[in-house]
Amino acid sequence: MNPYIQYMYSYPHKTAYGPLSGISLEDYTPFLAGEGHGLYLHIPFCQSKCGYCNLFSVTGQDTGRMDRYLHAVERQCRQYKELLEVHKTVFSELVIGGGTPLLLTESQLSGIFEILETYFVFREDREAVIETAPNQTSREKLEILRQAHITRISMGVQSFSDQELKILRRQHSAKSAREAMSLLKEYHFPCINMDFIYGIPGQTVETLLASLREALTFEPDEIFLYPLYIKHGASLQGISKEGFGPCTEDAGFQYREACGYLRAEGYRQDSMRRFVKSRKARGYSECGLGTSLALGCGGRSYLGNLHFCSPYAITRTDCLTQLDTFEHTEDYRIVTHGILLTEEEMRRRYVIRHLLIRPGLLCRQYQKHFGSCAEEDYPILEKWKTMGYLCQKGDFLTLTERGMELSDYLGPQLISEEIREKMREWDRSHGETGTFISGQPKEL
């Protein structure tokens, strides 16, 4: 049994999206009325493509190309502003992802914050998140982030072993990661996150724990621990037998040892991947029904039952084609690609999003939103309880430690057959077999 089927960071996957017609963003902007919404900006540029990466990003682009992209983003912002003003939209969260956002020049980086503040209204205490990488973390750019009141910075370190970084085809060294983290600590951002990967070919429990021990010397507020997934479009694809999933058979052992170490060091585990250094009790935050508007090419928007984005692209050629299309778009208010979720799919999304993070699925909230009982709607949940993967804690359905470890196996079992078939169709049309979902996982 392969416990690494699919990382369920969202539902449904973009490969289930398709062409849409007759849909205007204006009809869905009432979902963005008032406060409490997220704004996402995608910066699709990188210094180099990591060996495991199949995200929407391109390398080798000069400042002129980046300028054209940012000019297009500003045109998009201007059109969106006209739609949002009537609803008095106030965003409570800003996320800038990529790609590598700090690959932008200092002038470009300052410019995007000016654009965002010009066209959108943010709550005074808004959260602001940005991603960075060691080679792009400079004092000058961190000063810009401090002036922009960034509240969380996530750095992709992945390993403090130069050999493992070489295998992953990362362009930074362990030394540059140490220097970047030391510099980052000087600025006292409210939250600093470090990303690490396990299941790297040749990696051992000892080398993984050595990286984590060194990470803790920087006292990060959060650590994300990712299994190495290698999927279609990633340059490391040939080294994995199945094309996806961690490449070492003892990845599960590495995971358990890493979890035990981080928990012993005072980190609270909130999901299979997320570990938080916090004295505060874990709070409950609803997800799955929230609203988020994406800017740029590659990000996706969630407005009620409408999810939309640019067509899914992985290869360099496809990504550049989508960038060209985005930059030459005249009316960004016309939605041309995405999915309209049925009520059934909205229920599944809510269950998946809550079950895979702690404290879990709050049963009375599910009842309130959908007028039914989650365990009756999805009998497999009761089966997972009898198998020790799920337990009842008060009014919450919560994954056990074993269930948490199997998140990437259990989550895909909740994908509907309709969505599964759309994903298979994407695979077929792109000449792949089981790239993102290889049929229905066998039940344990």
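The dialogue below takes helix packing, then one histidine, then backbone geometry.

Q: What kind of model is this, and how are residues numbered?
A: This is a predicted model, in which local features need pLDDT of at least 70 and side-chain atom pairs count only at pLDDT 80 or more, while totals for chains, interfaces and linings use all residues. Residues are numbered from 1 along each chain as its sequence is written, and side-chain values use heavy atoms, with hydrogens and water left out.

Q: At what angle do the axes of H1 and H8 cross?
A: Helices (H or I, at least four residues) and strands (E, at least two) are DSSP runs numbered from the N terminus. Axes are lines fitted to C-alpha atoms, for helices over the stretch in contact, and angles run from 0 to 180 degrees between N-to-C directions. Helix H1 (residues 63-85) and helix H8 (residues 316-327) cross at roughly 50°, and their axes come within 9 Å. Angles under 35 degrees count as roughly parallel, over 145 as roughly antiparallel, 65 to 115 as roughly perpendicular and the rest as oblique. H1 and H8 are therefore oblique to each other.

Q: Which residues of H1 and H8 make the contact?
A: Contact means heavy atoms within 4.5 Å. On H1 the contributors include Arg-65, Tyr-69 and Val-73, and on H8 they include Leu-320, Leu-323 and Phe-326.

Q: How do H9 and H10 pack?
A: Helix H9 (residues 343-355) and helix H10 (residues 363-370) have axes 12 Å apart, at an angle of about 165°. That makes H9 roughly antiparallel to H10. Among the residues in contact are Met-346 and Tyr-350 of H9 and Tyr-366 and Phe-370 of H10.

Q: Is His-354 buried or exposed?
A: Buried means under 20% relative accessible area, exposed over 50%, and partly exposed in between (1.4 Å probe, protein chains only). His-354, which lies in helix H9, counts as buried because its relative accessibility is 1%. A polar atom of the His-354 side chain lies 2.9 Å from the backbone oxygen of Cys-287.

Q: Where does Gln-158 lie, and what is its phi?
A: Gln-158 lies in strand S7 (residues 152-158) and has phi near 75°, a positive value in a residue other than glycine. Gln-158 is buried, at 7% relative accessible area.

Key
A polar contact is a pair of N or O atoms within 3.5 Å; within protein, one must be able to donate a hydrogen and the other to accept it, and residues adjacent in sequence count only if both atoms are side-chain atoms.
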